[in-house]
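Biologist: I'm new to this one. Could you put it up and walk me through how the labels follow from the values?

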Amino acid sequence: MLCAPFVLQFSRLRTLDRTEIPPLIVLDLDAEPRDICVGELPPCPVIGIGPRDHPLASHLDVIVESPFSIGQLIDSILANPFSATICVQLLRLIAHLPVREALVAESLAMSTLQGGAEHHAWLAARGEAPEWPPGQLQMSRENNVLHLVIDRPAAWNAIDVSLRDGLREAFDLAVLDDSIARIELSAVGRAFGTGAELGEFGTTTDPVAAHGIRLQTLPAHAIVACPARLHVSVQGLCMGSSLELAAFADRMTARSSAIFHLPELKMGLIPGAGGCVSLSRRIGRQRAALLMLSGRRIGARTALDWGLVDAIID
């Protein structure tokens, strides 16, 4: 069995010495008693396979479900085990924090990983990113509706510094203007957005400075002051920070061709544009972790079943 080296009984977790903790642990819920007393989890990802209605299931970091496989999850975690560990530790922590404090915790965890060996290895191995013109944010108002349109289709609407700053300014405006009843966010082209511009990763080498920049510039810090007014329309690829921002919306619709993806773990990182907060509150901590730890894409139908999107509209 592929996961056999990592399968342990839950009762065994309490006796693990810190030097014995593996990079991940798999629990077979079919083999666990239902009257078990749940205690503190070890710091690594704890993955459950088996019935979701087991009393132990809700306490774990991940429950494997279709279309995901345990083998794929294990391979992804083993490729970047420190990033995976910080991911689940953060998700456990912020489940009990208010949104604003959770965003600060996410940024601190992100800064830790930016200074780590796994992210540096990804930076060293990546190829040259193509150069595209700066992104543009089209902004217009119709009565009490503010329309925001991401316009960088040649780069699949990847969010560069220009777009990030434009989005932050637009949401700051919406927070200050109570006469704006709804904010409609969409994008031109075949993709809603492929996340942060890859060519800009690593340009801020000081993790402390990077944390300060995120606190000042991330659109998420403004969005959380007006999420009930935000409606998002998604088409094509919606991944990385593009998905992280969209998940804050009160209502998100998607075309049937939409694809959702969080690729940060393979970069030695976690979602750092608010996604650990927005996704875990929208679809639950375990499914958010499943997306983050596996790096697997899901389609619009799964997204609808999970509650990631509210409707499929073509």
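Predicted model: local features only at pLDDT ≥ 70, side-chain atom pairs only at ≥ 80, totals over all residues.

Biologist: How many cavities of 30 Å³ or more does a search of the whole structure find?

Modeller: One. The volume of the largest cavity is about 40 Å³.

Biologist: Now the helices. Why are H4 and H10 called oblique to each other?

Modeller: Helix H4 (residues 99-114) and helix H10 (residues 275-283) pack at about 130°, with axes 8 Å apart. Roughly perpendicular runs from 65 to 115 degrees and roughly antiparallel needs over 145, so H4 and H10 are oblique.

Biologist: Which residues make that contact?

Modeller: Val99, Ala102, Leu103 and Glu106 from H4, and Gly275, Cys276, Val277 and Arg281 from H10. By class, that contact has five nonpolar, one polar and two charged residues.

Biologist: And why are H6 and H7 oblique to each other?

Modeller: The axes of H6 (residues 161-176) and H7 (residues 207-217) come within 10 Å and cross at roughly 45°. Roughly parallel means under 35 degrees, and roughly perpendicular starts at 65, so H6 and H7 are oblique. Arg164, Asp165 and Arg168 of H6 meet Ile213, Leu215, Gln216 and Thr217 of H7. That contact has two nonpolar, two polar and three charged residues.

Conventions. Residues numbered from 1 in each chain as written. Heavy atoms only, no water. Axes fitted to C-alpha atoms, helices over the stretch in contact; angles between N-to-C directions. Helix = DSSP H or I, 4+ residues; strand = E, 2+ residues; numbered from the N terminus. Contact = heavy atoms within 4.5 Å. Nonpolar A, V, L, I, M, F, W, Y, C, P; charged D, E, K, R; others polar. 1 Å grid on protein atoms, 1.4 Å probe; cavity = no way out; pocket = protein on both sides within 12 Å on 5 of 7 lines; lining within 4 Å. Points joined across faces, edges and corners; volume = space filled by probe spheres on them.
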